Amino acid sequence: MTAETAAPRKMSWLAIMQVSLLNIAVTVMIVPLDSTLNRIMITELGLSATLVALLLGLRFLTSPLRIWFGRYSDTHPINGRYRTWYIGLGMVLMVVGFVLTPRAAFAIADGGVGPILFAIFAFGLLGLGVNMTTPLYFALVSDQSDEQQRPRIVAIMFILLGVAVVVTA
């Protein structure tokens, strides 16, 4: 049995900060991307605000997949680990989407159906990455902590998330 699948135990402050850094990393990627691309796509590129809203909203349209990702990671370990590999895969999808979304935004400005499909792919990939990563590190916290420590850990994670939003906005 690996440490990830072992019985719940108390998490050290270092482990809490490590898991919180995942939450912060997602925030530091998403907040500037959304706010900057929103402004550039509408103001600078002259794209329809409806199209921009739909593209940025793809992340929320894919959020029901969080349930499936959580269930799948619960039942399909990779190398004996139930969460770690899926969190890593989600981060990779997120980074690839993060790199492709600005390119897609500028491609749409050139016109045509192809660039719009590319944008849907890029923003969808970003959404899948966020929605794969986010619930799984909360599940990891649940796996690694006891019931008395869990609320404090989640509170710390959300406080750090709020700080990250304020700092990056």
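1. Lys10 and Asp146 form a salt bridge in this predicted model. Their closest N and O atoms are 3.7 Å apart. Lys10 sits in the segment before helix 1 (13–44), and Asp146 in the loop between helix 5 and helix 6 (150–168), so the pair ties together parts that are 136 residues apart in sequence. Lys10 itself is exposed, with a relative accessible area of 55%.

2. That bridge belongs to a wider set. A search of the whole structure finds five salt bridges. Two further cases are worth a look on the model.

3. Arg59 and Asp34 make a salt bridge through their side chains, at 2.9 Å from N to O. Arg59 is in helix 2 and Asp34 is in helix 1. The two residues are 25 apart, and the pair links distant parts of the chain. Is this pair buried or exposed? Both Arg59 and Asp34 are buried.

4. Asp74 pairs with Arg83 in another salt bridge. Here the closest N and O atoms are 2.5 Å apart. Asp74 has 38% relative accessibility, so Asp74 counts as partly exposed. Arg83 has 6%, so Arg83 counts as buried. Which residues does the network join? Salt bridges that share partners bring Asp74, Arg83 and Asp143 into one network.

5. Now the cavity. Rolling a probe the size of a water molecule over the atoms shows where empty space is left. The structure holds one cavity of 30 Å³ or more. The volume of the largest cavity is about 40 Å³.

6. Which residues line the largest cavity? They are Asp34, Leu55, Leu56, Arg59, Phe123, Leu126 and Gly127. Helix 2 (49–61) and helix 5 (113–144) are the elements that give two or more residues to this lining. By class, the lining divides into four nonpolar, one polar and two charged residues. Asp34 and Arg59 from point 3 are in the lining, and these residues form a salt bridge with each other.

7. Helix 5 also holds Thr134. The side chain of Thr134 reaches the backbone oxygen of Val130 at 2.8 Å. Why does Thr134 count as buried? Its relative accessible area is 11%, and buried means under 20%.

8. Then turn to the network of Asp74, Arg83 and Asp143. Finish with Lys10 and Asp146, whose closest N and O atoms are 3.7 Å apart.

Note on methods
Residues are numbered from 1 along each chain as its sequence is written. This is a predicted model: local features need pLDDT of at least 70, side-chain atom pairs count only at pLDDT 80 or more; totals for chains, interfaces and linings use all residues. Side-chain values use heavy atoms; hydrogens and water are left out. On a 1 Å grid over the protein atoms alone, a cavity is a set of points where a 1.4 Å probe fits but cannot get out, and a pocket is an open set with protein on both sides within 12 Å along at least five of seven lines; lining residues have an atom within 4 Å of a point. Grid points are joined across faces, edges and corners, and a volume is the space filled by probe spheres set on the points. Helices (H or I, at least four residues) and strands (E, at least two) are DSSP runs, numbered from the N terminus. Ala, Val, Leu, Ile, Met, Phe, Trp, Tyr, Cys and Pro count as nonpolar, Asp, Glu, Lys and Arg as charged, and the others, Gly among them, as polar. Buried means under 20% relative accessible area, exposed over 50%, partly exposed in between (1.4 Å probe, protein chains only). A polar contact is a pair of N or O atoms within 3.5 Å; within protein, one must be able to donate a hydrogen and the other to accept it, and residues adjacent in sequence count only if both atoms are side-chain atoms. A salt bridge is a side-chain nitrogen of Lys or Arg within 4 Å of a carboxyl oxygen of Asp or Glu.
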